[in-house]
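Work through the exercises below with the model open. Try each task before reading its solution.

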Amino acid sequence: MQFLFTARRKFDAQHQEDDSMPWEKYIAWSRLPQLTELVSLDTGLNEVLVEPDRENEDDWKHFTFSGPRDTELFTTLEFVLKRTAKETDFNLLMTVINPEEDCAGIQADAYDFLGYELIDYYYCTSALSNCGGFDETFLPAELNRYGLIDDYQRAYEIRKNLLVNNPEEDHADTDVIAIWRHRTIGR
């Protein structure tokens, strides 16, 4: 299992810098009243805070690609911390792309497992929390308080059925991402 890292801006009632989608409006639109915070890989809702130097050859060693797509998930924690040194109050996330086993029981020092994300082919839009719903495949009530799926098998079932039920929808072609959040760094 390859662990990858990223830092993302928080999105909850206390952290809402974008006036176009304040927390209350997002909760109503998304039909996710159970959320206490959205912890997502969606770049529109949880902005990527890692700023690599794409002109620096050494930085490219830390990038991760899924096919031709840059995932904005990085190979080392040190790189992410170096590139977010000026940031405060963010989510430091550890992830696994398409895990081959249930990650809920995997204990990682100083990290808590939050659930599974389904991120689109482009690695920018969450099929779970930023597509307006795919009610034929899953219901908003199935997401946990972070906007993620708790159950490993259910995450893969949703992934399969999203594409079957929505073959023409780009955001339905997803990867399953296991997400852990650091308990102290960024908090």
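**Exercise 1.** Which backbone oxygen does the side chain of S30 reach?

Solution. The side chain of S30 reaches the backbone oxygen of I27, at 3.4 Å. S30 is found in helix α1, residues 23-30. Helices (H or I, at least four residues) and strands (E, at least two) are DSSP runs, numbered from the N terminus. Last, check burial. S30 has a relative accessible area of 8%, so it is buried (buried means under 20% relative accessible area, exposed over 50%, partly exposed in between, with a 1.4 Å probe and protein chains only).

A note on the basis. The model is predicted: local features need pLDDT of at least 70, side-chain atom pairs count only at pLDDT 80 or more, and totals for chains, interfaces and linings use all residues. Residues are numbered from 1 along each chain as its sequence is written, and side-chain values use heavy atoms, with hydrogens and water left out.

**Exercise 2.** Why is strand β6 described as largely enclosed by the rest of the structure?

Solution. Count the buried residues in β6, residues 174-182. They are 9 of 9, so the strand is largely enclosed. Then find the neighbours (strands pair if DSSP finds at least two bridges between them). β4, residues 90-97, pairs with β6 in the antiparallel sense over 5 bridges. T95 has I179 as its bridge partner. β5, residues 111-120, also pairs antiparallel with β6, over 9 bridges. Y111 is bridged to H182.

**Exercise 3.** How many aromatic pairs does the structure hold?

Solution. The structure holds 15. Rings of Phe, Tyr and Trp (its six-membered ring) pair if their centres lie within 6.5 Å; planes under 30 degrees apart count as stacked, over 60 as edge-to-face and the rest as tilted. Take F3 and W180: edge-to-face, 5.6 Å centre to centre, 65° between the planes. F3 lies in the segment before β1 and W180 in β6, so the pair ties together parts 177 residues apart in sequence. F3 is partly exposed at 29%. W180 is buried at 0%. Finally, ring pairs link F3, F113, Y116, Y152, Y156 and W180 into a cluster.

Terms used
Polar contact = N/O pair within 3.5 Å; in protein donor to acceptor, adjacent residues only side chain to side chain.
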